[in-house]
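Open the model in your viewer and keep the selection tool at hand. The stops below tell you what to pick next and what you will find there.

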Amino acid sequence: MIHNLLMTLFMWICWILGIVLFCAVLIFSFKTYHLQRTADYIAESEGKFGGYTTQAHEELLAFAEERNFDLAKMEVEVSAPDEPVPWGTPVSAVIRYDYEMKVLKSLPAIHKEIQVEGWDISRYVAGKYAVTYTSP
C-alpha cells in the first residue's frame, strides 16, 4: 500500500518536473527565435542602407520593450556602425543576451547566454536614402 502510494507520488513529481522542463525549453526557444529575427532584421537593414541606422536602433528598442528584454543584459554588435559601407561588403549583426531563467524563488536562477547572428550584403548606393547612421 505504502509502496504504491510512494510510486504514485514519485510519478506525479516526475510528470510535473517534466512539464516544467518542457515549458522552460519552450520559453527559451521563443526568446532565441525572437532574438534571431531581430538580428536578421538589423543585418537586412544594414544591407539596405549600408550601415546601422537610427531607424534600426529605434526598432531594436521597440522590440526589447515589446518582448520584455532587459536592454542592460543585451549586447548588440554591428559590422557597419556610424557610417555606410560600400556596395557588396558583407554586413552582420550579433546579439548577445544574458537570459535568466528562474523556476522557483528558493532556487538560484539559471543564466544562459544566447548569441544570434544575422548576415547580409550591403546594397548601399550613395545618395539613394536620407538616413542617419549611429552605433548601438
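A nonpolar core, as the term is used here, is a set of buried Ala, Val, Leu, Ile, Met, Phe, Trp, Tyr and Cys residues joined through side-chain atoms within 4.5 Å. Buried means under 20% relative accessible area. Keep in mind that this is a predicted model.

**Stop 1: the core**

Start with the largest nonpolar core, which has 21 residues. Select Leu35, Ile42, Leu60, Phe69, Met74, Val76 and Ile95: these have the most contacts inside the core. Now colour by element. At least two core residues come from each of α1, α2 (54-66), β1 (74-78), β2 (90-101) and β3. In soluble globular proteins, nonpolar side chains tend to be buried together.

Zoom in on leucine 35. Which residues does leucine 35 touch, beyond those up to four places away in sequence? Its contacts are Phe63, Phe69, Met74, Ile95, Tyr97, Ile114 and Val116.

**Stop 2: the aromatic rings**

Select Phe63, Phe69 and Tyr97. They form one aromatic cluster. The charged end of lysine 31 sits over the phenylalanine 69 ring, 4.5 Å from the ring centre.

How many aromatic pairs does the whole structure hold? A search finds five. One of them joins tryptophan 12 and tryptophan 15, so select those next. Their arrangement is edge-to-face, with 5.5 Å centre to centre and 80° between the planes. Both tryptophans belong to helix α1 (residues 2-49), three residues apart, so about one helical turn separates them. An α-helix has 3.6 residues a turn, so residues three or four places apart point the same way. Tryptophan 15 is exposed, at a relative accessible area of 51%.

**Stop 3: along helix α1**

Show α1 as a cartoon. This helix has 48 residues. From its first C-alpha to its last it reaches 70 Å, close to the 70 Å expected at 1.5 Å a residue.

Pick threonine 8, in α1. Its side chain reaches the backbone oxygen of asparagine 4 at 2.8 Å. Threonine 8 is partly exposed, with a relative accessible area of 40%.

Next, select the buried residues of α1: Ala24, Lys31, His34, Leu35, Thr38, Ala39, Ile42, Ala43, Ser45, Glu46, Gly47 and Phe49. What covers them? The cover includes α2, β1, β2 and β3. Then step past the helix to glycine 50, which follows α1 and has a positive phi near 85°.

**Stop 4: the strands**

Move to serine 92 in strand β2. Is serine 92 buried or exposed? Its relative accessibility is 11%, so serine 92 counts as buried. Leaving aside neighbours within four places in sequence, serine 92 is in contact with Glu46, Glu77, Val78, Ser79, Gly118 and Trp119.

Now select glutamine 115 in strand β3. Glutamine 115 is partly exposed, at 41% relative accessibility. Residues up to four places away in sequence aside, glutamine 115 touches Val94, Ile95 and Arg96. With arginine 96 there is a polar contact between side chains, at 3.4 Å.

Not counting residues up to four places away in sequence, aspartate 120 touches Ala43, Glu44, Gly47, Thr89, Pro90 and Val91.

**Stop 5: two loop residues**

Finish in the loops. Select asparagine 68, between α2 and β1. Asparagine 68 is exposed, with a relative accessible area of 63%.

Aspartate 82 is not a glycine, yet its phi is positive, about 70°. Aspartate 82 is partly exposed, at a relative accessible area of 48%.

Conventions: Residues are numbered from 1 along each chain as its sequence is written. Side-chain values use heavy atoms; hydrogens and water are left out. Contact means heavy atoms within 4.5 Å. Rings of Phe, Tyr and Trp (its six-membered ring) pair if their centres lie within 6.5 Å; planes under 30 degrees apart count as stacked, over 60 as edge-to-face and the rest as tilted. Helices (H or I, at least four residues) and strands (E, at least two) are DSSP runs, numbered from the N terminus. Buried means under 20% relative accessible area, exposed over 50%, partly exposed in between (1.4 Å probe, protein chains only). A charge sits over a ring if NZ of Lys or CZ of Arg is within 6 Å of the ring centre and within 35 degrees of the ring normal. A polar contact is a pair of N or O atoms within 3.5 Å; within protein, one must be able to donate a hydrogen and the other to accept it, and residues adjacent in sequence count only if both atoms are side-chain atoms. The expected span of a helix is 1.5 Å times one less than its number of residues.
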